[in-house]
Each structure stands twice: as C-alpha cells, then as structure tokens.
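Please look at the sequence and the structure first.

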Amino acid sequence: MAKKVPLKIAIAEHPHTSAIRNGSIPIEGVDAEFITVQPQIGAFRRMVRDVEFDVCELAPTTYIIARAYGAPFVALPIFVVRRFHHGGLLVRPDAGIGHPKDLEGKQVGVRAYSVTTGVWNRQVLIDEFGLDASKVTWVVDDEEHVTQLKLPGNVIHAAPGTSLADMMARGELVAGLEGAAGIGRTGAPTGGWKEVEADYPDLLPNAAGIEADYYRRTGVYPMHGTIVVKDAILAEHPWIAKSLYDAFDRAKKEWLARLDAGEATTASDKKYQALRQIVGHDPLPYGLQENMKTIVTLEATAFEQGLTPRRMSIAELFVDPLAP
C-alpha cells in the first residue's frame, strides 16, 4: 500500500465538516493532521503571511488578494460558509441616510476594508443601488490580512484608541457594518466585540426579501469559507485535489441527509435550513461550474473596489478537481 501524504489542515468546525475533522470520513491517500485555530480568522493571517498550513479554510476575498500578490496556494471550489449581505449595514437614524447613495461624501465604519462581509456588502450597494464607493470614506480599525495590500485613498484608519462604535455613537460615522468593533443593534450579540447600547436600523429593510429577489435575478450566492491548498502539494500530488473534494462532498451529503431528517438542529443548521428557501435543497453547493457566477462577481468586485492590482482569471484562482 502506498504511503499516505501527510498534510497539516486548518479548517473550522462546521456541521458539514466535522466528519472530516474527526476522521470518520477519511481523505483518501492523506494522513491528515488537523490544526484548530479559534477563531478561524487567526488561521487566515497565518496562512496568507507565513503559508503555515498545507490546506486551509480562508475567507475568499482574502484569498483572491493573496493570490493576486503571488501567494503559493490555490483554491478548490469548496465553499463551507455562505450567506447573503443585503442586511447588516446599520445607520444612525438621525443621519439622513435613506438610500445607499446617501452614503456618498460620508464616513462608514468597517473592521477592515478587505473583510469579505464588507466586500460583499459594498458589491450589493454598488451593483444593485448605484453607490459610488469611491465617494465614501471607509473607516477601519484593524489591519488587513494581506500585508502587501495597498488600500485606496478613501480608506482611513480610526485614531489609536478610538473604536468604530464610539465614532458611530458620536455621529462621526453615519453607518457601520454590524459587528465592527461593537456596532450593533440594542440587545444583539456583536460577535465578541464590546456591547453597545444603540438602536441602529438596517440601511436596507426587509433584507431577506431583497436577497431572494437578488438570487433569482443574478444567481449570485456569496461565499465565505474557501479551501486552499499549497501549489507545491498539488504539483507533486495532483490527485489530492480530488481526494479533498470527495471527502468534503461526502461529509456535506451526509449532513444534508440529517437536515432532511430533521436531525440537524444547531444554529448553523437552522441558518442553512432558512437559506434553502432561497437557494434550493443544497445551501452549500460545491464545484466550479455551479459557482461560476458567484466567483466571477467576487473577482470583479475585488478589482473594482481597489483590492487587487489586476484582474484574475478563473484558471489562476481555482483548480477544478472534477476536470478529466
């Protein structure tokens, strides 16, 4: 029997990946060592800065930026986190912001300019509502994962010791992305950031209805977690792409069966059950062709938002594990 290839793998715990992480679904031909990084955002930085893992779950915008600057790893069309982004941009009710274009000429807070949630939210505002994002001053208070990234001139850092939540409370920001340094709704959790007593409404009300219409018209279904593999690994063992894909696909199919049977009831499960009402039976579609519209949209918007120095081709960004 051929010796298995040892791989260090950093992926988060999801209901649809747990069977891979606990070994009940093996990755054929691979001796997997799973590295747990909590939160997974820590693994993002370790991968794009130090290429620390052989296989890693990355935020897709972070990946596209890193690849554009020469990162020695490539993505597989396996997307383990997804959601829409029409909601979550919260506005001060006294700021006179009734339409996305009202943000032009104003300051808006987001944890980091390249954070995938913010990129997808801006994509909606630009493509669907005509926002000129270059006329908004985006205020950040965290570093970008990819150190080579050169931020556009309309991105500024909050002053040291100043939080985006405090800036929002003082009226220096007219809007902010929910969860960015504590910006949130009254009584709502803010993802571990400091709690804020403020009642900020969504810029776009009835986001769920708008999202369903958006998906029906465009076929775009934003992804978050993307699986990347070192170029050197695939150069020496090209079959590993298919082995990884098959394991992730099998784990997901078993999870879908549990969803169908009503046996999967975590908060994550419930989120994807709800998304089924918009996208259909499989709320986590894998594969290159199935996700082409979404991939092309994210690559294009990353360039248009000043995150990549050039346009990236699909062949540069993804390996198709199902190609003959």
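The sections below take the cores, then the helix pairs, then individual residues.

The model is predicted, so local features need pLDDT of at least 70 and side-chain atom pairs count only at pLDDT 80 or more, while totals for chains, interfaces and linings use all residues. Residues are numbered from 1 along each chain as its sequence is written, and side-chain values use heavy atoms, with hydrogens and water left out.

**Cores**

A nonpolar core is a set of buried Ala, Val, Leu, Ile, Met, Phe, Trp, Tyr and Cys residues joined through side-chain atoms within 4.5 Å. Buried means under 20% relative accessible area, exposed means over 50%, and partly exposed lies in between (1.4 Å probe, protein chains only). The largest core of this kind holds 94 residues, and Leu58, Tyr63, Phe73, Leu103 and Phe248 have the most contacts inside it. Helix H8 gives the most to this core, with ten residues. Another core, of eight residues, lies apart from it and includes Leu90, Leu164, Met168 and Tyr200.

Helices (H or I, at least four residues) and strands (E, at least two) are DSSP runs, numbered from the N terminus. Contact means heavy atoms within 4.5 Å. Leaving out residues up to four places away in sequence, Phe73 touches Met47, Val48, Val51, Leu58, Tyr63, Ala66, Arg67, Val228, Val229, Lys230 and Asp231. Two of these names return in helix H2 (residues 41–50), where Ala43, Phe44, Arg45, Met47 and Val48 are buried. The cover over the buried residues of H2 includes strand E1 (5–10), strand E3 (55–58), helix H3 (60–68), strand E4 (73–79) and strand E10 (226–230). After H2 comes Val51, with a positive phi near 45°.

**Helix pairs**

Two packed helices are described by the angle between their axes and the distance between the axes. Axes are lines fitted to C-alpha atoms, for helices over the stretch in contact, and angles run from 0 to 180 degrees between N-to-C directions. Angles under 35 degrees count as roughly parallel, over 145 as roughly antiparallel, 65 to 115 as roughly perpendicular and the rest as oblique.

H8 (residues 240–261) packs against H9 (residues 267–279) at an angle of about 80°, with the axes 11 Å apart. H8 and H9 are therefore roughly perpendicular to each other. On the H8 side the contact is made by Trp255, Leu256, Leu259 and Asp260, and on the H9 side by Asp269, Tyr272, Gln273 and Arg276. These residues divide into four nonpolar, one polar and three charged. For these classes, Ala, Val, Leu, Ile, Met, Phe, Trp, Tyr, Cys and Pro count as nonpolar, Asp, Glu, Lys and Arg as charged, and the others, Gly among them, as polar.

In the second pair, the axes of H4 and H10 (residues 292–304) come within 10 Å and cross at roughly 90°. H4 is thus roughly perpendicular to H10. Val119, Trp120 and Gln123 in H4 meet Thr294, Thr297, Leu298 and Thr301 in H10. By class, this contact has three nonpolar, four polar and no charged residues.

**Single residues**

The table gives the relative accessible area of selected residues.

| Residue | Relative accessible area | Class |
|---|---|---|
| Asn121 | 4% | buried |
| His86 | 3% | buried |
| Tyr215 | 23% | partly exposed |
| Asp102 | 30% | partly exposed |
| Pro205 | 58% | exposed |

Which backbone oxygen does the side chain of Asn121 reach? It is that of His85, at 3.0 Å. Asn121 sits in helix H4 (residues 116–129). Beyond four places in sequence, Asn121 touches His85, Gly87, Leu89 and Leu177.

His86 is in the loop between E4 and strand E5 (89–91). With residues up to four places away not counted, His86 touches Val124, Leu204, Ala207, Ile210, Glu211 and Tyr214.

Tyr215 belongs to helix H6 (residues 207–218). Its contacts, leaving aside neighbours within four places in sequence, are Phe84, Val220, Tyr221, Ile278 and Val279. Tyr215 and Phe84 are 131 residues apart along the chain, and their C-alpha atoms are separated by 9.0 Å.

Asp102 lies in the loop between E5 and strand E6 (107–109). Apart from neighbours within four places in sequence, Asp102 is in contact with Gly96 and Ile97.

Pro205 is placed in the loop between strand E9 (175–177) and H6.

Key
A polar contact is a pair of N or O atoms within 3.5 Å; within protein, one must be able to donate a hydrogen and the other to accept it, and residues adjacent in sequence count only if both atoms are side-chain atoms.
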